[in-house]
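Hi,

Here is the structure I promised to pass on. Have a look at it first, and then read my notes below.

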Amino acid sequence: MARVPPAAIGPLRLPSPGQRVAGRFTFGGDRGLEKYEWPYIAIAGPRPGPSVLVTAGIHAAEYTGVEAAIRLGRDLTPPTVRGLVVILPLLNRPGFYERSVYVNPEDGENLNRIFPGRADGSWGERFAHRLLDEVVVRFEHAIDLHAGDLVEDLVPFVIYRETGDGVLDMRITRMANAYGATWAVASAPAGERPGSLYAAAAQRGVAAILAESGGRGLLVEEDVVRHVRGVTNVLRTIGALEGEPERVAPPQVVKSFEWLRSPSEGIFHVRVRVDQRVRAGEIVGEMVDLVGEPLATIAAPVSGVVLFVVTSPAMKKDGLLLAIGAL
Ligand SMILES: [Zn+2]
C-alpha cells in the first residue's frame, strides 16, 4: 500500500507529490509568537522517500546558514527529490532585522540553549516547545545550519550528539560524515548549557546534525557554497535527492569541545587563528584593561585545534573568548 503523504506538518502546509510551496507560517493561539511569520519552502518529490528538515538562523546573524538554506530552497526541484524536504531558513525571526548576536530580542535568551522548551515558558521556551513538538519530530532527518556569529570566526565543523540508540547513532554519523567538514564535535561544550535544537531532536529520535561554516556577519560565497554542497551531499547520501553523493573524507572527531571564557571584563587580544594547532598551556590570548594594563593571560587548557574565536575585543566578565577541540 502506498504511503499517503500528509497535507500538513503542524502549521506548515505541504505541497502534493511533485510540487513545491514557498510561504510563511506562524504558531497560532499564542499572541507572542503570532506577531511573527516564519518563511518556509517545502519540496515534495514525486516518489516516496525520507523526510528531511533543514533549518537555519536560530542565531539571527549567522548569515551563511540562512543564505545557504534559501538557496537550497530555490535550487532543489521536485523531480530530483525523493520524499519530502522542508526548509526553514530563519528560525530567530525576532532577531534578524535587529542584527541580534547570540540571543533573541523577545526575551534576551539564546534560542539554541532552551530546547525542548516549555508550553508555558518565556517567548523562546514556547517557540522551542512548539517548533520541536509540532514540526521537528515529524521528520526523520534534520540539519541545522550555523556560522560563527556576527563577532565570531570559525573553521568549518559539524556537531552531533550520540543518543545511545545504535541504529539512530549510525544514521547521525552517516549524515555528519557526508557533509565534508574537516572537524566534528560529538560532545557537549565544556561549561556551556545544554538545550540545542539538534541535541533535543536526536533525543526524540530524529537523525539530527548541526553544521558550521562562515561567520563575522559576512556572506562569503565559498562559506555559503560549503553549506549548500554539504547539505546536498547529505541529502544524496540518505536517498532524499537524486544523484551519486560525492566521496568526502569523514571529519576527525575531537575528544572534547573546550570553551574558554574571560576571567574579567576588558579588551581581548587574541593570539591564535582558527584551525591553528595549540599545545596545552600555550598562551592563546590576553586581557588588558581600558588603559592597557595587563589583566590576565589566557592559556589553552588542552592540546588541540582552535575551532572558533570571538573577533570582538570588547569582553564582559565570563564572556566567550574562543573554543578548542581537544586532539
Ligand atoms: Zn549558531
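**The cavity and the strands around it**

Strand 7 gives 3 residues to the lining of the largest cavity, the most of any contributor. Helices (H or I, at least four residues) and strands (E, at least two) are DSSP runs, numbered from the N terminus. This is a predicted model, in which local features need pLDDT of at least 70 and side-chain atom pairs count only at pLDDT 80 or more, while totals for chains, interfaces and linings use all residues. Residues are numbered from 1 along each chain as its sequence is written, and side-chain values use heavy atoms, with hydrogens and water left out.

Back to the cavity. The structure holds 1 cavity of 30 Å³ or more, and about 50 Å³ of space lies in the largest cavity. A cavity here is a set of points, on a 1 Å grid over the protein atoms alone, where a 1.4 Å probe fits but cannot get out; lining residues have an atom within 4 Å of a point. Grid points are joined across faces, edges and corners, and the volume is the space filled by probe spheres set on the points.

Who lines it? Leu53, Thr55, Val136, Ala142, Ile143, Asp144, Leu197, Tyr198, Ala208 and Ile209 do. They split into 8 nonpolar, 1 polar and 1 charged (Ala, Val, Leu, Ile, Met, Phe, Trp, Tyr, Cys and Pro count as nonpolar, Asp, Glu, Lys and Arg as charged, and the others, Gly among them, as polar). At least two lining residues come from each of strand 5 (47–56), strand 7 (141–146), helix 6 (197–203) and strand 12 (207–212).

Now zoom in on strand 7. Of its 6 residues, 6 are buried (under 20% relative accessible area; exposed is over 50%, partly exposed in between, with a 1.4 Å probe and protein chains only). His141, Ile143 and Leu145 point one way, and Ala142, Asp144 and His146 the other. In a regular strand the side chains alternate between the two faces of the sheet.

Strand 7 pairs in the parallel sense with strand 5 over 5 bridges, and with strand 12 over 6 bridges, also parallel. Two strands pair if DSSP finds at least two bridges between them. Ala56 stands opposite Leu145 in strand 7, and His141 has Ala207 of strand 12 as its bridge partner.

There's also an open, antiparallel sheet of 4 strands, in the order 18-17-15-20. Its edge strands, strand 18 (294–299) and strand 20 (314–315), each pair on one side only.

Cheers

Methods
On a 1 Å grid over the protein atoms alone, a cavity is a set of points where a 1.4 Å probe fits but cannot get out, and a pocket is an open set with protein on both sides within 12 Å along at least five of seven lines; lining residues have an atom within 4 Å of a point.
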